[in-house]
Amino acid sequence: MTAFLIRRLMQSIVVVFIMSIVVFFGVNVVGDPIDMLISPDATQAEIEATIRSFGLDRPVWEQYWHFLLGALNGNLGKSFIFGTPALPLILQRMPATMELAISALVLAVFVGIPLGLYSGLKPNAISSRTIMAGSILGFSLPTFWVGLMLIMIFAVMLGWLPSTGRGPTAEFLGIRSSLFTLEGLQHVFLPALNLALLKISLVIRLTRAGTREAMHQDYIKFARAKGLSPRRIIGLHLLKNIMIPVVTVLGLEFGSLIAFSVVTESIFAWPGMGKLLIDSIQQLDRPVIVAYLIIIVLFFVLINLLVDILYSILDPRVRLGGEQS
């Protein structure tokens, strides 16, 4: 198990290093931030002074070297627009994005798995066919359109829920979040539902496919022959075996919930990292863009590592295979 973790950690470090090169050079070849930072009436001397002050007069490889040295010390650069370090600027917005992503993941788990399990156990029922048809809509409908419809129906027409913004926060066990207040939950519900619809559809279809396949396996037939109750068969034997691919997908999808919440945050004016990214792209604030992408890479790498560990817990054969190799 130790060798397995060390190997995964080494692979993660290599991935982060390679992605830092791709992200930094990719962002630095797009546009010219000087056009956004100075007045059109600025003199050539003022333009050159601004370029030197931001270090943009140096070669790209030298800029990357300084960025890498700073990143090792926890400094991912200084925002061109705000004039403050990019990392604290992003970390200030991270709690709001994490609230949204966690809420969407919870909806995907507690809605998708039961519906997928029901559809797999009763595939010919009309309700199961309705659930599967609804999952196709979840894949097909664009996120921005669904978000606008949710606002139109639940906020404008019915007036049940607020349409934009983040609710008031409260502290619980040292953690401050809007999820600990009733008004905060009302604010997060619509954007979380909008962000979770695609994931719910994915979990439904994945759980259904795993259930249909597992029901014909010998261990299920043997459990039935032993006289175990259907609830025990499903809860103890079936779910444990179909959860391995579900855990893998949910782990990776949690990273995508954080990374691709940009559209949802823009529609619902949610003050998270995604909205900050959109503003930074519009203003060509390179340090903030690079810092955001590096943080997202770290999230994906960490989540993959945790998924590998959960794999080894759910299925000991994965751990044994890793040790033998």
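The side chains of Thr-97 and Glu-265 are joined by a polar contact of 2.9 Å. A polar contact is a pair of N or O atoms within 3.5 Å; within protein, one must be able to donate a hydrogen and the other to accept it, and residues adjacent in sequence count only if both atoms are side-chain atoms. The structure is a predicted model, in which local features need pLDDT of at least 70, side-chain atom pairs count only at pLDDT 80 or more, and totals for chains, interfaces and linings use all residues. Residues are numbered from 1 along each chain as its sequence is written, and side-chain values use heavy atoms, with hydrogens and water left out.

The protein chain has 14 helices and two strands. Helices (H or I, at least four residues) and strands (E, at least two) are DSSP runs, numbered from the N terminus. Of the 325 residues in the protein chain, 40% are buried. Buried means under 20% relative accessible area, exposed over 50%, and partly exposed in between (1.4 Å probe, protein chains only). Among contacts in the protein chain with a separation of 6 or more, 73% come from residues 24 or more positions apart. Contact means heavy atoms within 4.5 Å.

Thr-97 sits in helix H5. Its relative accessible area is 1%, so Thr-97 is buried. Residues up to four places away in sequence aside, Thr-97 touches Ile-258, Ser-261, Glu-265, Trp-270, Gly-272, Met-273 and Gly-274. Met-98 also lies in helix H5. At 19% relative accessibility, Met-98 counts as buried. The C-alpha atoms of Met-98 and Ile-258 are 6.9 Å apart, although 160 residues separate them along the chain. Met-98 touches Phe-254, Ile-258 and Phe-299, again not counting residues up to four places away in sequence.

Gly-116 is also placed in H5, which covers residues 86-121. Gly-116 has a relative accessible area of 0% and is therefore buried. Val-203 is 87 residues from Gly-116 in sequence, yet their C-alpha atoms are 7.0 Å apart in space. Not counting residues up to four places away in sequence, Gly-116 touches Ile-204, Thr-207, Arg-208 and Thr-211.

Glu-265 also meets Lys-275, a residue of helix H12. The two are ten residues apart along the chain, and their C-alpha atoms are separated by 5.9 Å. Lys-275 is partly exposed, at 30% relative accessibility. With residues up to four places away in sequence left out, Lys-275 touches Glu-265, Ala-269 and Trp-270. Ala-269 is in the loop between H11 and helix H12 (273-282). Ala-269 is not a glycine, but has a positive phi of about 50 degrees. At 32% relative accessibility, Ala-269 counts as partly exposed.

Helix H7 (residues 143-157) has 15 residues, which at 1.5 Å a residue should span 21 Å; its end C-alpha atoms are 20 Å apart, in agreement. The expected span is 1.5 Å times one less than the number of residues in the helix. Val-146, Gly-147, Leu-150, Ile-151 and Ala-155 are buried in H7. The buried residues of H7 pack against helix H8 (182-214) and helix H11 (262-267). Just after H7, Gly-159 has a positive phi of about 70 degrees.

Thr-181 lies in the loop between strand S2 (175-177) and H8. Its relative accessibility is 18%, so Thr-181 counts as buried. A polar atom of the Thr-181 side chain is 3.2 Å from the backbone oxygen of Ser-178. The side chain of Thr-181 also reaches the backbone nitrogen of Gly-184, at 3.0 Å. Beyond its neighbours within four places in sequence, Thr-181 contacts Pro-168, Thr-169 and Ala-170.

Helix H9 (residues 218-225) packs with helix H10 (residues 230-259) at an angle of about 170 degrees, and their axes are 11 Å apart. Axes are lines fitted to C-alpha atoms, for helices over the stretch in contact, and angles run from 0 to 180 degrees between N-to-C directions. H9 and H10 are therefore roughly antiparallel to each other, a term for angles over 145 degrees. In H9, Tyr-219, Ile-220, Ala-223 and Arg-224 meet Ile-233, His-237, Leu-238 and Asn-241 in H10. By class, the contact of H9 with H10 has five nonpolar, two polar and one charged residues. Ala, Val, Leu, Ile, Met, Phe, Trp, Tyr, Cys and Pro count as nonpolar, Asp, Glu, Lys and Arg as charged, and the others, Gly among them, as polar.

Conventions:
Parallel < 35°, antiparallel > 145°, perpendicular 65-115°, else oblique.
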